[in-house]
Amino acid sequence: MEMSRILTGASILITLTLLVSSVSAHNITKILAEHPDFSTFNHYLSETHLAQEINSRQTITVCAVDNAGMAELLSKHLSLYALKNVLSFHILLDYFGAKKLHQITDGTALAATMFQATGSATGSAGFVNITDYKGGKVRLGAEDNDGTLSSEYVKSVKEIPYNISVIQISKILSSPEAEAPTPGPAQVNLTELMSKQGCKVFADLLVSSGAYATFQENADGGLTIFCPLDDPMKAFQPKYDNLTDDGKVALLSYHALPTYNSMQMLKQNNGIVNTLATDGGKTYQFTVQNDGESVTLKTKTVTAKITGKLIDEMPLAIYTINKVLLPKELFKKALAPTPAPAPAPEKAADSPKKAKGKGDKDEDLAPEPMSPDGEPADQEADDNGSIRSSGGRWASVVLGVWLAAYLLV
């Protein structure tokens with residue numbers, strides 16, 4: 001009996017531990033920040049927004065190059081967009097820890113890269129050849145570089161099986177296609193793009209309120225806009241007109257994130273995000289929630305769904321949504337139609353007056369923090385607005401459930 005309880009408890013603990021591991025997120029910026037030799041590589045992962053894409057992936061290998069290797073790459077004076085292609089070539093879409101590198105089947109493997117995933121690579125140009133040589137050496141090279149294995153595995157920097165592996169390689173992987181001149185995205189007229197694709201009301205309000213200037217300032221550095229379609233925006237117009245000038249700017253700015261987020265990043269990163277309206281602290285935030293193949297945006301008062309895409313080209317993404325996002329700072333409860341008053345009782349005079357309790361006058365207050373199934377209270381946005389989840393609450397849940405199951409067996 002005792003052995004049965006131990007085995008059952010151990011089984012539950014293992015299962016729940018795996019569950020916790022599956023929700024734990026990695027942060028490539030923090031991993032590399034512990035190694036000053038990779039500071040330049042780390043800087044350009046953030047500059048090109050590749051860090052966010054790395055963090056959004058569940059299984060990934062980053063081939064990091066030290067500062068000397070990056071200096072050689074920067075001496076080529078590539079555009080930022082070509083530089084992104086080159087660095088994305090150093091991100092493998094599979095897990096390669098030190099052990100796996102030395103146990104490659106038949107000694108050679110082709111690994112797909114994030115450059116291949118962009119669709120910019122032709123044929124096999126987005127693949128890296130990894131070859132395990134006798135004597136313990138592992139060499140890597142771009143498949144489109146005439147089979148030349150120009151770089152060598154140096155050491156493992158960080159491994160979180162089988163989530164992320166960060167390894168050091170001796171030099172930049174040379175890929176003619178990745179290094180080819182890449183034009184930046186054309187200057188986009190945000191309001192014109194929105195107006196032509198069903199978001200004219202929102203676009204006009206951006207201009208008339210003066211909020212458009214803030215959107216433009218952030219467009220080059222990274223911007224994600226959630227644009228309400230015309231029908232929900234027209235229905236909301238009377239409420240919008242009742243806001244102060246500052247309130248109007250805050251509401252419109254609440255519909256944009258100060259970072260670039262592809263649809264894949266939104267699907268894989270669930271949590272609270274900062275917006276253009278966030279001014280320190282935890283104001284004007286909402287929750288991005290993956291719901292199967294769709295993505296919803298949840299405030300304390302409304303849940304909107306992403307319905308389409310206007311543009312998704314780093315550093316700018318614009319998506320359409322089916323509702324106006326209502327920040328709790330401006331709207332303490334959902335804007336629902338006022339219900340018809342209930343008929344008065346026949347003997348109202350005989351009815352004693354109900355004492356007005358504290359709960360009666362708190363009707364307009366924002367809802368209490370929701371459970372993990374609603375808006376997770378143990379999530380917060382990091383300094384640049386990216387989604388981040390903390391695992392403290394999960395650890396408590398695991399321990400509590402395991403103990404309860406153990407005692408009941």
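This is a predicted model: local features need pLDDT of at least 70, side-chain atom pairs count only at pLDDT 80 or more; totals for chains, interfaces and linings use all residues.

Biologist: Is Cys 63 buried or exposed?

Modeller: Cys 63 counts as buried because its relative accessibility is 0%, and the cut-off for buried is under 20%.

Biologist: Which residues does Cys 63 touch, leaving out those up to four places away in sequence?

Modeller: Cys 63 touches Phe 41, His 90, Leu 92, Leu 140, Ile 167 and Ile 169.

Biologist: And how far is Cys 63 from Ser 170?

Modeller: In sequence, Cys 63 and Ser 170 are 107 residues apart, while their C-alpha atoms are 9.5 Å apart in space.

Biologist: Which sheet does S1 belong to?

Modeller: S1 is part of an open sheet of 7 strands with mixed pairing, in the order S2-S1-S7-S6-S5-S4-S3. The edges are S2 and strand S3 (108-112); each has a single partner strand, so one side of each is left without a neighbour in the sheet.

Biologist: How do S1 and S2 run relative to each other, parallel or antiparallel?

Modeller: S1 and S2 run antiparallel and are joined by 2 bridges. Within this pair, Thr 61 has Leu 92 in S2 as its bridge partner. Leu 92 is also one of the residues touched by Cys 63.

Biologist: Let us turn to the helices. What is the arrangement of H3 and H5?

Modeller: The axes of helix H3 (residues 39-47) and helix H5 (residues 67-74) come within 7 Å and cross at roughly 55°. That angle makes H3 oblique to H5.

Biologist: Which residues meet there?

Modeller: From H3, Ser 39, Thr 40, Phe 41 and Tyr 44 meet Asn 67, Met 70 and Leu 74 of H5. Sorted by class, the contact of H3 with H5 has 4 nonpolar, 3 polar and no charged residues.

Biologist: Why is H6 described as largely enclosed?

Modeller: Helix H6 (residues 80-88) has 7 of its 9 residues buried, so the rest of the structure largely encloses it. The buried residues are Ala 82, Leu 83, Lys 84, Asn 85, Val 86, Leu 87 and Ser 88.

Biologist: What do the buried residues of H6 pack against?

Modeller: Their partners are H3, helix H4 (50-55), H5, strand S2 (91-92), helix H8 (114-117) and helix H9 (176-179). H3 and H5, the oblique pair, are therefore both among the elements that the buried residues of H6 pack against.

Biologist: Moving on, what is the order of the sheet that contains S14?

Modeller: That open sheet has 7 strands in the order S9-S8-S14-S13-S12-S11-S10, and its pairing is mixed. Its edge strands, S9 (256-257) and S10 (271-273), each pair on one side only.

Biologist: How does S14 pair with S8 and S13?

Modeller: S14 (residues 316-321) runs parallel to strand S8 (residues 223-228), and 6 bridges join them. In that pair Leu 223 stands opposite Leu 316, and Thr 224 stands opposite Ala 317. With strand S13 (residues 303-313), S14 pairs in the antiparallel sense over 6 bridges. Lys 309 stands opposite Tyr 319 in S14, and a hairpin of 2 residues joins S13 to S14.

Biologist: How many residues of S14 are buried?

Modeller: 6 of the 6 residues of S14 are buried, so this strand is largely enclosed by the rest of the structure. Both of its faces are covered: Leu 316, Ile 318 and Thr 320 are buried on one side, and Ala 317, Tyr 319 and Ile 321 on the other.

Biologist: Where is Thr 275 found?

Modeller: Thr 275 is in the loop between S10 and strand S11 (286-291). Thr 275 counts as buried, at 3% relative accessibility. Beyond its neighbours within four places in sequence, Thr 275 is in contact with Ser 253, Tyr 254, Ala 256, Leu 257, Pro 258, Tyr 284 and Phe 286.

Biologist: Back to cysteines. How many disulfides are there in the whole structure?

Modeller: A search of the whole structure finds 0 disulfides. Another cysteine, Cys 227, is buried, with a relative accessible area of 0%.

Biologist: Finally, how many helices and strands does the protein have?

Modeller: The protein has 17 helices and 16 strands, and 43% of its 409 residues count as buried. Of the contacts with a separation of 6 or more, 65% are between residues 24 or more positions apart.

Methods: Residues are numbered from 1 along each chain as its sequence is written. Side-chain values use heavy atoms; hydrogens and water are left out. Two strands pair if DSSP finds at least two bridges between them. Helices (H or I, at least four residues) and strands (E, at least two) are DSSP runs, numbered from the N terminus. Axes are lines fitted to C-alpha atoms, for helices over the stretch in contact, and angles run from 0 to 180 degrees between N-to-C directions. Angles under 35 degrees count as roughly parallel, over 145 as roughly antiparallel, 65 to 115 as roughly perpendicular and the rest as oblique. Contact means heavy atoms within 4.5 Å. Ala, Val, Leu, Ile, Met, Phe, Trp, Tyr, Cys and Pro count as nonpolar, Asp, Glu, Lys and Arg as charged, and the others, Gly among them, as polar. Buried means under 20% relative accessible area, exposed over 50%, partly exposed in between (1.4 Å probe, protein chains only). A disulfide is a pair of cysteine sulfur atoms within 2.5 Å.
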